[in-house]
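Here's a quick briefing to read with the structure open beside you. Take a look first, then work through the points by topic.

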Amino acid sequence: MTDRDKACGRLLESLEDAISILEKGKEACALDDWEIFPIEEVEEIIEQLRDMTERVNVEIAEMEDEDEVE
C-alpha cells in the first residue's frame, strides 16, 4: 500500500466520521429545538461531504485499477 493509498483511506474515514457526527448533531439540535445553525446549512455541509466522499471513492477505485494493470 502506497502513501497515496493510505492518505486516501484516512481521508475517506475522516469524511465518513464527519458526516456521522454532523448527522447526530443535526438530530440532537432538531430534537431539542435548538438551532445554532439553520438545519439547511448543516444539511448542505453534509451533502458537500458526501460529494467529497464519492470523489475519494472514485480515486481509490482508479488507483486499484492502475495497480491491477501493473
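This is a predicted model: local features need pLDDT of at least 70, side-chain atom pairs count only at pLDDT 80 or more; totals for chains, interfaces and linings use all residues.

**Around D5**
- D5 sits in helix α1.
- Setting aside neighbours within four places in sequence, D5 is in contact with M63 and D67.
- D5 and E64 are 59 residues apart along the chain, yet their C-alpha atoms are separated by 9.1 Å.

**How the helices pack**
- Helix α1 covers residues 3-31 and helix α2 covers residues 39-69.
- The two pack at an angle of about 160°, and their axes are 9 Å apart.
- That angle makes α1 roughly antiparallel to α2, because anything over 145 degrees falls in that class.
- What kinds of residues make up the contact of α1 with α2? They divide into 16 nonpolar, 2 polar and 9 charged.
- As for handedness, α1 passes α2 in a left-handed crossing.

**Overall shape**
- Along its principal axes, the C-alpha trace spans about 55 × 15 × 15 Å.
- The protein has a radius of gyration of 16 Å, whereas a compact globule of 70 residues would have one near 11 Å.
- Buried residues make up 23% of the 70 residues.
- Now take the contacts between residues at least 6 apart in sequence: 79% of them join residues at least 24 apart.

**Around K26**
- K26 is another residue of helix α1.
- Is K26 buried or exposed? K26 counts as buried, because its relative accessible area is 18% and the limit is under 20%.
- Which residues does K26 touch, leaving out those up to four places away in sequence? They are I39, V42, E43 and I46.

**Around D51**
- D51 belongs to helix α2.
- D51 has 41% relative accessibility, so it counts as partly exposed.
- Between D51 and I39 there are 18 Å in space, C-alpha to C-alpha, and the two are 12 residues apart in sequence.

Note on methods:
Residues are numbered from 1 along each chain as its sequence is written. Side-chain values use heavy atoms; hydrogens and water are left out. Axes are lines fitted to C-alpha atoms, for helices over the stretch in contact, and angles run from 0 to 180 degrees between N-to-C directions. Helices (H or I, at least four residues) and strands (E, at least two) are DSSP runs, numbered from the N terminus. Angles under 35 degrees count as roughly parallel, over 145 as roughly antiparallel, 65 to 115 as roughly perpendicular and the rest as oblique. A crossing is left-handed if the near helix is turned anticlockwise from the far one by less than a right angle, and right-handed if clockwise. Ala, Val, Leu, Ile, Met, Phe, Trp, Tyr, Cys and Pro count as nonpolar, Asp, Glu, Lys and Arg as charged, and the others, Gly among them, as polar. The radius of gyration is taken over C-alpha atoms; the globule rule is 2.2 Å times the number of residues to the power 0.38. Buried means under 20% relative accessible area, exposed over 50%, partly exposed in between (1.4 Å probe, protein chains only). Contact means heavy atoms within 4.5 Å.
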